[in-house]
Amino acid sequence: MKRKNIISFTAAIVCMFSLASCGSVKTVPDGDGKPIVTNNSSEASTEEQSSSSESQEASTTSTSDEQSDTSTTTSTVTTNDKTYIANGNTGSSNKDDNNNNSNGDNSNGDNENSQNSSKKITLSYYEAEIAVGETKMYPLVSETITEVWTSSDTSVATVDTAGNITGTGEGNCIITVANAHDASQKAQVKVTVKKSSSDMTFMGGILIVNKSYSLPRSYNPGGLTAETSAAFYQLSQDAAAANLNIYLSSGFRSYEYQEQIYNNNVYYYGQAATDTFSARPGHSEHQTGMAIDVNTIDDSFAGTSEAIWLEEHCYDYGFIIRYPKGKQWITGYKYEPWHIRYIGKENALKFKNAAAAVGDRYYTLEEYFGIDSYYH
């Protein structure tokens with residue numbers, strides 16, 4: 001009996017040690033409220049499995065969502081007005097590449113179109129038909145740019161800095177306006193110049209007005225031409241830089257105003273004397289809007305520092321001394337050092353070179369074109 005008790009005691013101890021090695025033991029009520037014994041290690045293992053299961057489920061859900069997103073964003077792609085189906089089977093990486101390539105191509109196309117659009121200059125008209133001597137108002141430019149106007153043939157039509165087009169001879173030419181800061185940005189106007197029904201004469205693109213060639217009463221540019229005004233402004237500014245004062249005393253004169261001046265002079269000096277220094281109405285260069293009298297309009301201007309500088313430098317700005325000393329028998333007017341006529345830089349240089357070629361200091365319009373100047 002005693003031996004059996006010892007064996008039972010020993011077995012109980014072994015069982016207790018066995019339970020201890022399997023984990024801690026705790027007592028919890030079951031669903032009926034009866035106490036039961038559970039193993040903590042087993043519970044932890046169950047929680048890990050549950051967490052792992054939830055993680056896998058979340059991962060599965062995330063993957064499913066990602067696949068769903070991929071199929072949605074790769075359904076269609078539109079570029080350059082063309083729609084195509086993107087390949088959704090290649091995953092998000094391929095989708096992004098396709099979209100990037102598509103956006104890149106579209107961006108380049110847009111940039112190119114934008115650049116091409118910015119290169120254009122929009123005008124209010126692109127063709128013009130005018131008569132010799134007629135001036136057509138400049139075409140309106142939609143863009144805000146610094147305009148540079150040029151003519152392909154000034155013997156047919158000239159254009160001033162504002163874009164006003166004047167017919168100078170029969171024929172066709174192209175008037176071009178360009179951006180001063182980007183010569184590739186430009187537009188053109190096709191100009192056709194027909195014979196004028198009025199009594200006006202152009203030679204070499206220059207409007208001729210003297211005692212033999214007149215302007216009609218209706219000819220009225222409304223003031224100095226833009227080119228003449230701009231050229232004189234630069235001339236006076238450069239003269240000022242040389243400590244000289246050259247200013248405008250008389251510019252444009254209408255037919256009617258010249259008529260008043262001439263009649264007043266005839267009243268005081270008689271017609272014969274007046275014709276040596278004052279033009280009859282319709283024969284005054286001031287009516288062209290391209291002639292200027294500077295400073296003191298009398299003989300006291302001759303020999304002054306301003307007169308000397310003007311004679312030497314007027315060519316550089318497109319002007320000539322219209323009535324030089326010693327050529328009254330050619331021009332029909334006495335020496336007027338204060339009277340300058342704008343003919344453009346290119347023409348002024350031709351006149352200067354032509355004079356130098358014959359050892360002369362000045363060349364008149366009459367000499368250059370071989371014309372006369374007297375009242376017929």
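Here are a few friendly notes on the chain shown above.

1. This is a predicted model, in which local features need pLDDT of at least 70, side-chain atom pairs count only at pLDDT 80 or more, and totals for chains, interfaces and linings use all residues. Residues are numbered from 1 along each chain as its sequence is written, and side-chain values use heavy atoms, leaving out hydrogens and water.

2. The chain holds 10 helices and 17 strands (DSSP runs numbered from the N terminus: H or I of at least four residues for helices, E of at least two for strands). Of its 376 residues, 37% are buried (under 20% relative accessible area with a 1.4 Å probe, protein chains only; exposed means over 50%, and partly exposed is in between).

3. Have a look at helix α9, residues 345-357: its 13 residues reach 18 Å from first C-alpha to last, close to the 18 Å expected at 1.5 Å a residue (1.5 Å times one less than the number of residues). Its buried residues are Asn-347, Ala-348, Phe-351, Ala-354 and Ala-355. Seen down the helix axis, these fall within an arc of 125 degrees, so they line one face of α9 (the arc is taken over directions from the axis to the C-beta atoms).

4. On the other side of α9, Lys-345, Glu-346, Ala-356 and Ala-357 are exposed. After the helix comes Gly-359, with a positive phi near 75 degrees.

5. Finally, Tyr-268 is a residue of helix α5, which spans 255-269. Tyr-268 counts as exposed because its relative accessibility is 62%.
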